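This report describes where a few residues sit in a protein model and what lies around them. Please look at the structure first.

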Amino acid sequence: VIGNDHIVATGGTITTCGNFKIHTFNSTGTFTVCAAPNPSKAHVSYVVVAGGGGGASAPSSNTGGAGGAGGYRESKSAVDTYTASPLNATSGPTYNLPVSVQAYPITVGAGGAGNAAASPWKGSNGANSVFSTITSAGGGGGGSGASPGTPTAVGEDGGSGGAGGGGSNAPSNPGGSGNTPPVSPPQG
């Protein structure tokens with residue numbers, strides 16, 4: 001929030017919307033709080049999104065599973081006026097996140113590598129994104145349809161789980177679990 005007793009910060013691409021400043025990070029960087037004259041107003045809203053998982057492939061008539069979306073974590077500060085998503089944290093340690101005069105490293109997780117056509121056919125997990133105490137888990141890689149019931153056929157766990165592979169040789173491989181590791185509200 002813009003005002004004489006609100007925080008002053010640098011980092012990312014900064015835009016202004018009404019009385020609010022938005023710091024957007026599309027790559028790893030640093031969010032630096034330069035001044036926080038009023039501790040009761042030194043809170044930030046955040047959205048932290050991790051990298052998505054890579055899709056899998058499979059030989060012959062089988063199909064690889066899609067990668068899962070990266071974890072999504074959000075909390076709207078008590079003083080902000082925009083409408084938050086249904087995944088907004090409204091209580092607990094991740095709500096109304098306090099900041100102080102210091103540098104906060106920002107990690108923007110990359111998407112996982114897809115697997116075009118090589119054994120073990122499985123997609124890679126996405127990378128985590130991190131801001132302060134908030135970590136969003138990378139999405140799970142997709143499972144291969146090449147080997148029924150084997151670990152490579154099952155989708156990986158992550159912010160959102162990767163899909164299991166399928167096909168004539170592997171009709172029902174399960175997907176990975178989302179919200180792994182678990183947080184509240186769920187991240188995927």
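Ser129 is found in strand S10, which covers residues 129-131; strands (E, at least two residues) are DSSP runs numbered from the N terminus. The model is predicted, so local features need pLDDT of at least 70 and side-chain atom pairs count only at pLDDT 80 or more, while totals for chains, interfaces and linings use all residues. Residues are numbered from 1 along each chain as its sequence is written, and side-chain values use heavy atoms, with hydrogens and water left out.

The table lists relative accessible area. Buried means under 20%, exposed over 50%, and partly exposed in between (1.4 Å probe, protein chains only).

| Residue | Relative accessible area | Class |
|---|---|---|
| Ser129 | 2% | buried |
| Ser144 | 0% | buried |
| Tyr82 | 35% | partly exposed |

A polar atom of the Ser129 side chain lies 2.7 Å from the backbone oxygen of Val49. Contact means heavy atoms within 4.5 Å.

Ser144 is placed in the segment after strand S11 (134-136). Its side chain reaches the backbone oxygen of Ser57 at 3.4 Å. Leaving aside neighbours within four places in sequence, the contacts of Ser144 include Ser57, Trp121, Thr152 and Asn173.

Tyr82 lies in the loop between strand S7 (72-75) and strand S8 (97-98). Beyond residues up to four places away in sequence, Tyr82 touches Ser45, Glu74, Ser75 and Lys76. Tyr82 and Thr152 are 70 residues apart in sequence and 43 Å apart in space, C-alpha to C-alpha.

Note on methods: Helices (H or I, at least four residues) and strands (E, at least two) are DSSP runs, numbered from the N terminus. A polar contact is a pair of N or O atoms within 3.5 Å; within protein, one must be able to donate a hydrogen and the other to accept it, and residues adjacent in sequence count only if both atoms are side-chain atoms.
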